[in-house]
Amino acid sequence: MNILAIESSCDETAAAVVKDGRDVLSSIVASQVEEHRIYGGVVPEIASRRHAEAISIVTSDALKEANCTLDDIDAIAVTAAPGLIGALLVGVNFAKGLSMSTGKPLIPVHHLRGHIAANYLAHKDLKPPFLCLVVSCGHSHIVKVNDYTNFTVFGRTRDDAAGECFDKAARAMGMPYPGGIALDKLAEEGDPRAYTFPRPHVEGSPYDFSFSGLKTAVLNLLHNAEQKGEELNKADVCASFRARVVDILCENTLAVAKEQNINTIVLAGGVSANKELRRQMEARCKQQEFNLFVPPLCYCGDNAAMIGSQAYYEYQAGHTTGPELNAAATMPITEDF
Ligand code: KG4
Ligand code: ZN
């Protein structure tokens, strides 16, 4: 089954053709990052306009690269939640139009379910159940994937997401948006033991995350040094900060895995590209005898191939929709459209 998938939830306009949920025939991503960089973050209105301009060409490029026409496509999939509402609506309306004009089924996909499915593209033997740490700019979830379309959330952030926390710390150090990538790079040159950052706990919810205190701690460190005229070693700050965030992400995930008796752990989302997170998770999983799967770097950030993968399983579960489909800025991963 060939699925044409569309993704426009944030600042990448993407289209892909995916066969049977596992084989990527094409994947095109048009990034708007350069344009948002001058504002230090995504400007929703600009994002929507750029999606509207790019979506037709990105989709026809995806068909071309897959050597397909619409006749070879069996269903249309689209990210319908969560994300920037104006950005999502561009993809949803375009996909609805394609579905109506071709008579092909329309499959709505939850963006975070898509991030998890990025792993199916690279690891053909990976099948639920497993435990997944989903870390992006907007979300930090520890989710049990019971089945392809059935999820249980064991932990989530109470305030900032991990990616947001990396981006804000990086911005305070003068790094360009999205700072998480630049912070990760500079951290490679620093000493992770140079500075000590707090380890926040959420009272009564041991698997939940709270990153806002950690973000404040790094901002305070930078401001205090500035006021005293002290020169901080930025690489050391990045390395120490990254080590603390990664330590929290790994600890909570492995604690859930142990308690729930789950022996396979999977990473997903933009932050799963983080070098230290991949290294630490690998070392800890090896030592504690868990199987670990990480997405290939090309499918960590937003893309449509991951949406096409998840859509295949949503279709099998009967999750198709009609022209009544609407986009939603927020939606729990556990809910179906
Ligand atoms: O999944 P994603 O592309 O977008 C959302 O769905 O939110 O994630 C983007 C986030 C940004 O916060 C970005 O800074 C972060 O992922 N990110 C990283 C790295 N690469 C991307 N954070 C830390 N280290 C990285 N190497
Ligand atoms: Zn994403």
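Let's start with helix 2: Ile 46, Ala 47, Ser 48, His 51, Ala 54, Ile 55, Val 58, Thr 59, Ala 62 and Leu 63 are buried there. Buried means under 20% relative accessible area, exposed means over 50%, and partly exposed is in between, with a 1.4 Å probe and protein chains only. Helices (H or I, at least four residues) and strands (E, at least two) are DSSP runs, numbered from the N terminus.

A word on the source. This is a predicted model, where local features need pLDDT of at least 70 and side-chain atom pairs count only at pLDDT 80 or more, while totals for chains, interfaces and linings use all residues. Residues are numbered from 1 along each chain as its sequence is written, chains are lettered from A and ligands numbered from 1 in the order in which they are written, and side-chain values use heavy atoms, with hydrogens and water left out.

Back to helix 2. What do its buried residues pack against? Strand 1, strand 2, strand 3, helix 1 (33-37) and helix 3. Contact here is heavy atoms within 4.5 Å. Helix 2 has 22 residues and spans 29 Å from first C-alpha to last. That is close to the 32 Å expected at 1.5 Å a residue, the expected span being 1.5 Å times one less than the number of residues. Where does helix 2 bend? At Ala 54, by about 45°. The bend is the angle between axes fitted to the seven residues ending there and the seven starting there. Just after helix 2, Asn 67 has a positive phi of about 60°.

Five strands form an open sheet, order 3-2-1-4-5, with mixed pairing. Two strands pair if DSSP finds at least two bridges between them. Strand 3 (23-31) and strand 5 are the edges, each pairing on one side only. Neighbouring strands are turned by 20° against each other on average, direction ignored. Axes are lines fitted to C-alpha atoms, for helices over the stretch in contact, and angles run from 0 to 180 degrees between N-to-C directions.

Strand 1 (residues 2-7) and strand 2 (residues 12-19) run antiparallel, joined by six bridges. Ala 5 stands opposite Ala 16 in strand 2. Helix 2 (residues 44-65) packs on the sheet, touching strand 1, strand 2 and strand 3, at about 25° to the direction of strand 2. Helix 3 packs on the sheet too, touching strand 1, strand 4 and strand 5. The direction of helix 3 makes about 155° with that of strand 4.

Next, strand 5 (residues 106-110). Five of its five residues are buried. Leu 106, Pro 108 and His 110 are on one side, Ile 107 and Val 109 on the other. Five bridges join strand 5 to strand 4 (residues 75-81), and the two run parallel. Val 78 has Pro 108 as its bridge partner. From strand 4 the chain crosses through helix 3 (residues 85-102) to strand 5, a right-handed β-α-β crossover. Right-handed means that, with the strands pointing away from the viewer, the path from the first strand over the helix to the second runs clockwise.

Last, the backbone exceptions. Most residues other than glycine have a negative phi, and most peptide bonds are trans. Ala 81 to Pro 82 is cis, omega near -20°. Pro 82 sits in the loop between strand 4 and helix 3. Pro 128 and Pro 129 are also joined by a cis bond, with omega about 5°. Asp 20 has a positive phi near 50°, and is partly exposed at 31% relative accessible area.
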